[in-house]
Amino acid sequence: MNHDQLRQSPEGMWESLSRIAVKSAEYNSRERQPHPKCLEGTRVNPLDYIYRLLDDRKKSRLIWLHGTAGVGKSAIAFTVAERMRNLQVTEETNIEKRLAGTFFFSRKHTERCTTGYFFATLAYQLACNFPSVREDLNRTIRENPALLDSNKSLRDQMEGLFLKPLRKLQSRLRECPPSAFVVDALDECMSETEVADLISLLGYALRQPNLPVIHILLTSRSEAYIREAIQLEDVHPLVCDIPVEISGEGVAAIISLDGADVDDDIYIFLEHSFRKLRNRYSNFPQPTSRELARLASRAGRRFIVASTMMKFVDDGYHDPRDRLHLMLEFTSELLPGTEVYELYDRILVTCANPARAYLHLSIVASLANPLSISQIVELLGPGEGKDVETVLMELRSIMDIPTDRSLPVNIFHSSVRDYVLNPSNCNLPGVQHIRYPHPLLARSCLYLMMQAIPRSTALLGALSQLKTHSRAMKPHEPQSLKQELAFIVEPPTPFTVLTALQWLRGSHKSDLLSWLETLDGCAWLETQEGKDWLQIRWRIDWLQTQGKTFLPKAHSVRDWLLTQGRKGSLTEAWPSWLGTQSGRDWLQTQSGQDWLQTQWGKDWLQTRWGQDWLQTRWGQDWLQTRRGQDAYTQHKRDSLQTLNGEGWLKTESGREWLRDESGREWLQTHSGQDWLQTQSRQDLLPTQSRRQWLQTQSGRERLKTQPGQELLQTQGGRDWLKTQSGREWLQTQSGQDWLHTPHGQAWQSTAAASVWVTMEEFSRTLEAVSEYTIAPELLSLAAFQAIQQFKSLPDFLMFPVFLALRHQDPSSALPQCHFPPDMEIFYAMMAFEGFAHKAQERSRSASDALNYACQNWAFHLSRVHSPWDNILNHLFKFFWSHHLPCWLERQWCSKGLRSCLAILFEAQNFTSPQV
């Protein structure tokens with residue numbers, strides 16, 4: 001089985017699903033260690049209540065467990081999942097468990113802070129637990145691979161990856177205890193809209209008929225947008241809400257995560273944790289029952305407080321006896337029930353400089369994305385960053401600091417972010433006067449960029465110089481370039497694009513004829529415009545000179561010569577050219593031999609030149625072959641036998657006929673379409689015929705089916721994607737869906753697809769540029785002048801400039817080109833690409849801290865409260881007036897012009913009041 005077959009096989013579908021499923025979202029993932037878990041004897045009431053709900057066989061339920069940060073929701077979710085994982089669906093099997101799937105959200109991880117991978121991950125776990133649904137799941141993915149794309153409609157994913165396999169299990173699970181799904185930390189999903197949609201869809205799923213009874217446990221903070229989604233009239237009847245008031249045997253009770261019984265649970269947790277510590281330190285004094293009770297009561301019924309207490313005592317760097325003594329002192333001063341922020345205050349007090357500790361903790365929590373300690377040091381500079389590592393190491397009880405210093409640091413719990421991002425949450429002396437982190441980070445970004453990026457307006461100068469050649473050829477609308485250059489097959493470069501556009505717009509100079517021998521030139525000759533050019537009589541001169549070495553390489557042109565090439569004015573010159581030595585040499589090639597089998601070849605053999613050729617040794621040899629004899633026979637095949645003769649169509653003659661115009665016409669008939677329904681028959685089509693068939697409406701319709709998409713994995717299908725018709729199909733909904741499949745994504749990384757990817761990127765850049773309006777008062781700044789220069793370039797310069805400034809291979813060297821003296825535009829583009837090459841090298845040498853600053857300076861500025869302080873105001877004004885052009889050059893080379901425009905758009909919102 002080859003690779004393409006494997007990917008389309010059930011094993012290949014399962015492999016694709018396995019690759020997409022987020023393993024770290026599973027409840028027992030190694031990435032989530034140490035797993036929060038309820039100790040035996042703790043959280044008994046809420047756990048028992050949840051277990052009773054999960055055993056209910058009457059109807060499916062949505063169990064919502066909610067509470068404030070740190071009350072132990074994740075520990076309960078893990079414990080429930082672990083219990084369900086240990087329960088069998090039936091006594092007869094050890095494979096099928098009652099735990100059907102889990103997804104633990106986390107905003108610290110890209111794939112776990114969105115719902116895009118939710119149903120794919122649950123589907124993978126469901127099929128692992130119930131192997132009987134795997135075949136149907138594979139079939140669903142094979143029929144619609146786009147379901148595995150994270151951008152696919154969540155409803156479509158739910159229907160295909162969640163409901164379909166569950167329906168398959170209805171009869172299997174009818175008499176079994178209900179299966180359960182566990183979904184933790186919904187509020188960690190970054191999009192409130194996504195969360196609301198997910199809750200609505202889960203409610204919709206549980207209301208569907210023909211499903212087994214299933215229960216879904218959801219945990220989250222008590223956020224308003226989640227409560228609003230839960231209370232929708234079509235969801236709320238399915239919901240069991242915890243906390244909840246219940247009654248039994250005449251006694252009312254409240255099942256809650258922060259009830260009075262939680263103090264006892266925290267006592268058990270602390271007792272267990274100190275016992276483990278005693279096992280490692282034999283001389284560690286075990287706290288007394290009174291001390292444990294005081295610690296438990298001061299935790300405020302929040303497990304995160306108790307957990308942080310233990311991390312503080314047992315941080316691995318200090319004597320745990322001293323730390324316990326400090327913790328006992330802290331808790332003696334705390335009022336029972338105080339928030340976790342009090343504990344954070346007390347921990348910061350133990351630092352050598354609490355104010356600096358608070359500042360650096362707030363910086364880590366405010367970063368747009370996590371950085372390592374060394375990157376934070378570089379970003380803050382030698383002043384503010386001098387003590388970062390020392391200070392952060394004192395905060396190990398509330399911050400994850402990897403042993404590997406190249407990895408990013410992060411906070412343990414989201415309550416730390418809440419604590420530092422609002423100074424009123426901290427009661428330490430002097431903290432209220434500590435600078436807010438965003439102004440400091442904004443200043444740091446500006447300082448670093450001003451120091452690390454040399455001041456320069458070279459980009460504006462290079463664009464202005466290039467613009468002087470705007471009249472070198474006739475300009476078109478930039479958006480039309482996508483259509484005009486649809487034939488290209490090689491990854492475009494500034495020079496290949498410029499050469500192609502020179503040729504296309506009428507500059508058919510002898511110096512450019514060599515372009516026809518490139519792959520792009522061959523592809524152009526296949527277009528109607530290229531065929532029209534070949535039909536001009538004097539082009540035969542080219543075919544007899546450079547063209548004769550080109551013909552054996554140009555498969556597409558050979559196909560054209562065998563079919564359409566005889567038409568038009570070329571018909572007059574072609575027979576005479578075949579009588580020349582060059583023509584006779586070509587007739588000895590495979591292409592020439594193939595052409596002699598066509599009707600036009602047979603017609604030529606009746607001409608004077610053809611008769612003369614038949615008298616030559618080569619002609620006589622050809623007449624002795626079967627093909628030569630067939631060409632002269634008067635036997636005509638019965639048309640019905642031809643159309644239906646499966647065996648004959650597999651012969652060489654049959655394949656030739658499929659290449660013929662009559663064969664292609666037959667393929668459009670009902671009989672031809674029926675014949676094409678199998679992959680083996682599609683493979684019989686010659687490459688050219690296959691491409692032409694895909695351009696038809698019936699071919700396009702076929703691509704909407706799974707067999708049609710399988711055709712795209714063949715060489716013929718991949719060749720078709722390079723054509724204009726193929727690229728137009730990629731713009732359709734079917735094409736867009738296919739691009740999001742694993743096959744489509746794999747195709748986009750190939751060299752052939754890079755042409756399409758580049759053109760799409762250019763189109764999106766044009767859209768962004770056209771939508772971006774530069775305020776008149778900003779046109780005096782060099783950076784905005786450079787953008788305006790780019791906007792005003794003619795299309796034949798705009799696209800090469802875009803290519804020159806986009807990502808390049810670091811190992812690539814500038815091309816060694818030689819152009820005639822009258823083609824100054826090429827020399828101008830060579831000069832611009834030299835500038836761009838150096839700019840790219842400077843961009844690649846930037847540190848991660850500088851990359852962060854260039855990407856996020858506007859993000860931090862937008863979060864600075866007005867009015868700005870004098871230092872930040874002056875610094876930004878100087879950067880905006882003098883350093884913006886060099887930032888634009890670097891960011892353009894690194895992330896593209898669209899990224900620059902997005903940042904500038906955000907920055908323009910607050911420039912006017914400041915500058």
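Residues are numbered from 1 along each chain as its sequence is written. Because the model is predicted, local features need pLDDT of at least 70 and side-chain atom pairs count only at pLDDT 80 or more, while totals for chains, interfaces and linings use all residues, and side-chain values use heavy atoms, without hydrogens and water.

I begin with helix H21 (residues 458–467) and helix H52 (residues 824–844), whose axes come within 10 Å and cross at roughly 170 degrees. The two are therefore roughly antiparallel, a term for angles over 145 degrees. Their crossing is left-handed. On the H21 side, Ala-458, Leu-459, Ala-462, Leu-463 and Leu-466 are in contact (heavy atoms within 4.5 Å) with Ala-828, Met-829, Phe-832 and Phe-835 of H52. By class, this contact has nine nonpolar residues, no polar and no charged ones.

The second pair is helix H20 (residues 437–452) with helix H54 (residues 870–895); their axes come within 10 Å and cross at roughly 40 degrees. Residues of H20, including Arg-443 and Tyr-447, meet residues of H54, among them His-883 and Trp-887. The contact of H20 with H54 has 13 nonpolar residues, one polar and one charged.

Finally, I turn to Glu-761, which lies in helix H49 (residues 751–771). Apart from neighbours within four places in sequence, Glu-761 contacts Phe-802 and Arg-806.

How values were computed:
Axes are lines fitted to C-alpha atoms, for helices over the stretch in contact, and angles run from 0 to 180 degrees between N-to-C directions. Helices (H or I, at least four residues) and strands (E, at least two) are DSSP runs, numbered from the N terminus. Ala, Val, Leu, Ile, Met, Phe, Trp, Tyr, Cys and Pro count as nonpolar, Asp, Glu, Lys and Arg as charged, and the others, Gly among them, as polar. Angles under 35 degrees count as roughly parallel, over 145 as roughly antiparallel, 65 to 115 as roughly perpendicular and the rest as oblique. A crossing is left-handed if the near helix is turned anticlockwise from the far one by less than a right angle, and right-handed if clockwise.
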